[in-house]
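These exercises concern how two parts of one chain meet. Work through each task with the structure open, then read the solution.

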Amino acid sequence: MSGPVLVRTRAELADQLAPARRAGQRVGLVPTMGALHEGHASLVRVAREHVDQGPVVVSVFVNPLQFGEAADLESYPRTLEADLEVCAREGVDVVFAPTVDEVYPGGDPEVTVEPGPLADVLEGRTRPGHYRGVLTVVAKLFGLVRPDVAVFGQKDYQQLVLIRRMVADLCQGVEVVGAETRREPDGLAMSSRNVHLDPEQREQAVALSRTLYAAVEASGYGAKVALDAARGELRAAEGVDLDYLEITDPALAVLPDDVPDGTDARVLIAARVGSTRLIDNLPLVLGRPQPSADQPSPDQPHHQE
C-alpha cells in the first residue's frame, strides 16, 4: 500500500491537488495538529465518504497562534513519522506539514479572524485569544487547500460551532462536517493530550465521561436535575480539577429557565487531571426519557449527532 504524498510548501500542495481540480473531483480536508490517533483516523474515513474518489488532505501543523503558554506549545506531542503511518493506513492522499514560516510568512499575521462573543465563554474564559488563533489558521488552510468539505471532531465542540459560524459569516463555501467523538473502551474521549497522563491520572480522567453520561441519564427530568446528577458524579471523583461543567443549547447559548420537553442541548466539561487539561461533551435531550447511556467502545462509537 503506497503512502500519502508529504508536502511542505504551498506550491507543492497546489501541484498535488491540481489534477483533481482539473478532473472536477471533490477535495476533503482534515485539519490536525498531529499526534494522530484512532479519533483522527475516523475523521479521515468520514472525509473519504464525502469525497469518494477525490483526494483527502490531512494537514499536520502545531499552530502557535492558538497557544497561550509557550510551555504548552513546546510540550505538544510531535510525531510526524507515526502520523504518516496512520495516514497511509487510512488511504490519505496528501499530508500537508508546513513550517511555521510557511503558514505565517513574515511572523504573526496582522489580519486575523475575530471570533466574536462565543470565544469569551467556556474554553474562551480560560484561554483568551485561543479561538482567534484557531479560526485564523483554519481560514488559511481553507484558502490553501480550497476543500469542498472539511471534517472536525465533535470533542472540540466549541471549535466546531465557531468554524461553522465563520464559514457562514464569511461565505467560505466549505461544507463543515462534525464527526462523532471516538472513545476508549472505558469511555474516555480520545485526545492527543492523553499521552501526558500517567497510569493513575489515566484512571482518574474517566471521571469526565462518567460525569457527562450521568447528565444524559438524568436529562429527562430537565437541565437542573441533569446538572445535579453530573455534579454528584464529579464529587466522587479524585484528582479532577474542574474548570467548567455546563449545559447549553446546541449553539452554546444559555438555556432559558423553562424549556419545552424534547429540547436539544449539550453538556460540556473541562478539567485538569494532573497538569493535563481535558475537554469532553455529549448531546442530550431535555425533558424526555433518554436511551441507555452505556459507554461505547471504539468498535461501537457513540453517535453524537
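A salt bridge here is a side-chain nitrogen of Lys or Arg within 4 Å of a carboxyl oxygen of Asp or Glu. The model is predicted: local features need pLDDT of at least 70, side-chain atom pairs count only at pLDDT 80 or more, and totals for chains, interfaces and linings use all residues. Residues are numbered from 1 along each chain as its sequence is written, and side-chain values use heavy atoms, with hydrogens and water left out.

**Exercise 1.** Locate the domains and describe the area buried between them.

Step 1. Domain 1 spans 5-179 and domain 2 spans 192-286, with bounds from an automatic or database domain assignment.
Step 2. Their centres, taken over C-alpha atoms, are 26 Å apart.
Step 3. Between domain 1 and domain 2, about 1,600 Å² is buried, 50% of it from carbon and sulfur atoms. Buried area is the accessible area (1.4 Å probe) that two parts lose on being put together, summed over both.
Step 4. Of the area that domain 1 buries against domain 2, 38% comes from Leu122, Glu123 and Tyr157, more than from any other three residues.

**Exercise 2.** Find the salt bridges across the interface of domain 1 and domain 2.

Step 1. The rule finds three salt bridges across this interface.
Step 2. Glu123 forms a salt bridge with Arg277, and their closest N and O atoms are 2.5 Å apart.

**Exercise 3.** Decide how far to trust the coordinates of residues 297-305.

Step 1. The chain has a mean pLDDT of 93, and 94% of its residues reach 70 or more; pLDDT is the predictor's confidence in each residue, from 0 to 100.
Step 2. Over residues 297-305, pLDDT stays under 50.
Step 3. Where pLDDT is low, predicted coordinates should not be read in detail.

Technical notes: Contact means heavy atoms within 4.5 Å.
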